[in-house]
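Look at the sequence and the 3D structure below. The report that follows goes through some of the features that can be read from them.

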Amino acid sequence: MILEANSYGLPFNNLLNFTFGELKYFIDYRREQHRRSLQEKAVTAYHQAMLTAKIISGGDVGEVFEEFPYWTEDEILDIKVERALQYFNDACE
């Protein structure tokens, strides 16, 4: 348990000040954090594979915020407004 807590970044000199319950909580917390990190990486890898398959098969590839749903509605609206303004600025020149 001590080695696992140390492997998650808790230094040995601080490790001895923790109770058994605190060490268990720290280890469980870090395990859950690592599990969620791996889930996020798996979702990203899945989306990348699907996007690659869509490109290879000749499918229509949309905007990045359509393919990877990590943007809020407000951020998507800001992107669209910025593109529209850029379009009109380019047209006026």
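Is Ile2 buried, partly exposed or exposed? The relative accessibility of Ile2 is 41%, so Ile2 counts as partly exposed. The cut-offs behind this are under 20% for buried and over 50% for exposed, with partly exposed in between. The model is a predicted one.

## Ile2 and its surroundings

Ile2 lies in helix 1, which covers residues 2-7. Leaving aside residues up to four places away in sequence, Ile2 touches Phe12 and Leu15.

A distance can also be given for Ile2 and Leu16. The two are 14 residues apart in sequence, and their C-alpha atoms are 8.7 Å apart in space.

## The chain as a whole

The chain contains five helices and zero strands. Followed along the sequence, this gives the pattern α-α-α-α-α.

How does the radius of gyration of the chain compare with that of a compact globule of 93 residues, and what is its value? The chain has 23 Å, whereas such a globule would have a value near 12 Å. The C-alpha trace spans about 70 × 35 × 20 Å along its principal axes.

## Burial and contacts

Of the 93 residues in the chain, 13% count as buried. The accessible surface of the chain amounts to about 7700 Å². Carbon and sulfur atoms account for 59% of that surface.

Contacts can be sorted by how far apart the partners are in sequence. Among those between residues at least 6 apart, 11% join residues at least 24 apart.

## A nonpolar patch

Which residues make the nonpolar surface patch of about 360 Å²? They are Val43, Val64, Tyr70 and Trp71.

One of these residues, Trp71, sits in the loop between helix 4 (64-67) and helix 5 (73-92). Trp71 has a relative accessible area of 33% and is therefore partly exposed, as this value falls between the cut-offs of 20% and 50%.

## An aromatic pair

How many aromatic pairs does the structure hold? There is one aromatic pair. The rings of Tyr87 and Phe88 have centres 5.6 Å apart, and their planes meet at 70 degrees, so the pair is edge-to-face. The cut-off used here is that planes over 60 degrees apart count as edge-to-face.

Definitions and conventions
Residues numbered from 1 in each chain as written. Predicted model: local features only at pLDDT ≥ 70, side-chain atom pairs only at ≥ 80, totals over all residues. Heavy atoms only, no water. Patch = residues over 30% accessible without salt bridge, like charges linked within 9 Å, V, L, I, M, F, W, Y side chains within 5 Å. Areas by Shrake-Rupley, 256 points an atom, 1.4 Å probe, with all protein chains shown as cover. Salt bridge = Lys/Arg side-chain N within 4 Å of Asp/Glu carboxyl O. Helix = DSSP H or I, 4+ residues; strand = E, 2+ residues; numbered from the N terminus. Buried < 20%, exposed > 50% of the residue type's maximum accessible area, 1.4 Å probe, protein only. Contact = heavy atoms within 4.5 Å. Rg over C-alpha atoms; globule rule 2.2 N^0.38 Å. Phe/Tyr/Trp six-rings, centres within 6.5 Å; stacked < 30°, edge-to-face > 60°.
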